[in-house]
Amino acid sequence: MKVKIYNDIWKVKLVNADAKKMNPDKDHINFGLTEYAKGKISIRAGLSESVARSTVIHELVHAFLFSYGHTVEGEEAMCDFFGSHADEIIDLADQIMKGVVLSVDNRRNQNVH
């Protein structure tokens, strides 16, 4: 599938676990790979749903940084962090929006006559 991030189109696809780019050498395997020059995000086939999701998020962070022209020291660690915790952060943000921000806005609007 293709996704648009800022002004860039990225092609995202599952890649066979045996593919060379997913196994660059005997000491490394890639669950995902973002190829900036090609505008490609590859996700290793056969991952569990939770590992695949955190890998997709990890690779998307790389793509967002590239597409928006950012460079970040410690980029890999940051992508790992987001890949592992983004769902929890978003879930908590949704809870806070419902329980704090929107409830205050709703109370404020109810008091306006």
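Tutor: Happy to! Contact here means heavy atoms within 4.5 Å. This is a predicted model, where local features need pLDDT of at least 70 and side-chain atom pairs pLDDT 80 or more, while totals for chains, interfaces and linings use all residues. Numbering starts from 1 along each chain as its sequence is written, and side-chain values use heavy atoms, without hydrogens or water.

His58 counts as buried because its relative accessibility is 8% (buried is under 20%, exposed over 50%, partly exposed in between, with a 1.4 Å probe and protein chains only). Beyond its neighbours within four places in sequence, His58 is in contact with Glu76, Cys79, Asp80 and Gly83. With Cys79, a polar atom of the His58 side chain lies 3.3 Å from the backbone oxygen.

Now the nonpolar side. The largest nonpolar core is made of six residues: Ile5, Trp10, Val12, Ile41, Ile43 and Ala63 (a core joins buried Ala, Val, Leu, Ile, Met, Phe, Trp, Tyr and Cys through side-chain atoms within 4.5 Å). Two elements, β2 (8-15) and β4 (40-44), each give two or more residues to this core. A second, separate core has five residues, including Ile57, Leu65, Cys79 and Ala86. So which residues does Val12 touch, leaving aside neighbours within four places in sequence? They are Met1, Val3 and Ile41.

Val12 also leads us into the sheet, where this residue stands opposite Ile41 in β4. Strands β2 and β4 run parallel and are joined by five bridges (strands pair if DSSP finds at least two bridges between them). On the other hand, β1 (residues 2-5) runs antiparallel to β2, with four bridges, and Lys4 stands opposite Ile9 in β2. The β1-β2 hairpin has two residues between its strands, and Tyr6 there takes a positive phi near 55 degrees. β3 and β4 are also antiparallel, over four bridges, with Gly32 opposite Ile43 in β4.

Put together, the four strands form an open sheet in the order β1-β2-β4-β3, with mixed pairing. Strands β1 and β3 (32-35) are at the edges with a single partner each, so one side of each has no neighbour in the sheet.

Definitions and conventions:
A polar contact is a pair of N or O atoms within 3.5 Å; within protein, one must be able to donate a hydrogen and the other to accept it, and residues adjacent in sequence count only if both atoms are side-chain atoms.
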